[in-house]
Amino acid sequence: MFCHKCGTQVGPDVQFCSNCGESLRAAPSASGGAAPPAWTPPVAVQARPGHWVDEGWQMVKADIGTFILLTIVVAVLSGMVPMILQGPLIAGFHIFCMKKILNRRTDFADLFKGFDFFVPTLVASLVIGLLVGCGTLFCIIPGLVLAAMFEFTYLFIVDKRMDFWPAMQASHAVVKNDYFGFTMFLLLMVLVDILGALCCLVGLLVAMPVTIAAVTVAYKEIVGFDPRTAETL
């Protein structure tokens, strides 16, 4: 698990974070017992692809210059070190979008806060890429469904301080409520990226952050940000 204050990975039996000293013990409930889990899988969830993409566009449009700059940095760094930096950088992009949604002051350095979760985001990106790649080899549709299943993984790592596998399972727990709807959400985001590419480089620099912002908006509406994480942003 990870400390909610600084993001340092700690063992499951540790009571205090070795980096910042934050207590890792669950707060007692009113009845004196252990507090209930911070998150349980939602039920009866329905995807809202058009709404989420529109909200993502509104977020990007309000600060388009910064989003374009962040996208350029992500593209350059990912190109310099393929596969290794993609997961942490996407996580950092989500952190930037989370702060936008919470009306917190954002900073270019937010992009690099994803490196606080370097190992789980790296492993998640590799495992998801492998699974989606294998699914695509057999048929395109299984690959798309697998990609949709894990689209909230990085947010669960950052927000709920989960390791890569519990985060992937949590993302699947959300998506399985509406496989078709969330796959359509993924396809809509792919279409946005294609349209951006057709509008030359500048269009793609806008389309890519719109898709990440849209996923963050969807996560906020369905799951909600952990209050402990929101306090540390």
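The backbone nitrogen of Asp226 lies 2.9 Å from a polar atom of the Asp159 side chain. This is a predicted model, in which local features need pLDDT of at least 70, side-chain atom pairs count only at pLDDT 80 or more, and totals for chains, interfaces and linings use all residues. Residues are numbered from 1 along each chain as its sequence is written, and side-chain values use heavy atoms, with hydrogens and water left out.

**Around Asp159**

Asp159 belongs to helix α6 (residues 153-159). Helices here are DSSP runs of H or I with at least four residues, strands are E runs of at least two, and both are numbered from the N terminus. Asp159 is buried, at 0% relative accessible area. Buried means under 20% relative accessible area, exposed means over 50%, and partly exposed lies in between (1.4 Å probe, protein chains only).

The side chain of Asp159 also makes a polar contact with the side chain of Tyr219, at 2.6 Å. Such a contact is a pair of N or O atoms within 3.5 Å; within protein, one must be able to donate a hydrogen and the other to accept it, and residues adjacent in sequence count only if both atoms are side-chain atoms. Tyr219 is buried, at 0% relative accessibility. Asp226 is buried too, at 4%.

**Salt bridges**

The whole structure holds six salt bridges. Each is a side-chain nitrogen of Lys or Arg within 4 Å of a carboxyl oxygen of Asp or Glu. Three of them are listed here.

| Pair | N to O distance |
|---|---|
| Lys100 and Asp63 | 2.8 Å |
| Asp110 and Lys113 | 3.1 Å |
| Asp226 and Arg228 | 3.1 Å |

What does the pair of Lys100 and Asp63 tie together? Lys100 lies in helix α3 (residues 86-101) and Asp63 in the loop between α1 (49-62) and α2 (64-80), so the pair joins parts that are 37 residues apart in sequence. Lys100 is partly exposed, at 24% relative accessibility.

Asp110 is buried, at 2%, while Lys113 is partly exposed, at 30%. Arg228, the partner of Asp226, is partly exposed at 43%.

**Aromatic rings**

There are eleven aromatic pairs. Rings of Phe, Tyr and Trp (its six-membered ring) pair if their centres lie within 6.5 Å; planes under 30 degrees apart count as stacked, over 60 as edge-to-face and the rest as tilted. Phe108 and Phe112 have ring centres 5.9 Å apart and planes at 65°, so this pair is edge-to-face. Phe108 is partly exposed, at 32%. Phe112 is partly exposed as well, at 34%.

Phe152 and Tyr219 have centres 6.4 Å apart and planes at 45°, so they form a tilted pair. Phe152 sits in the loop between α5 (140-149) and α6, and Tyr219 in helix α9, so the pair ties together parts 67 residues apart in sequence. Phe152 is buried, at 1%. Ring pairs link Phe152 and Tyr219 into a cluster with Trp52, Phe156, Phe182, Phe185 and Phe225.

**The nonpolar core**

The largest nonpolar core has 59 residues; Trp52, Phe93, Phe152, Phe156, Phe182, Phe185 and Ile222 have the most contacts inside it. Helix α9 (residues 200-222) gives the largest share, eleven residues. A nonpolar core is a set of buried Ala, Val, Leu, Ile, Met, Phe, Trp, Tyr and Cys residues joined through side-chain atoms within 4.5 Å.

Phe182 has contacts (heavy atoms within 4.5 Å) with residues including Val45, Trp52, Phe152, Val174 and Ile222, leaving aside residues up to four places away in sequence.
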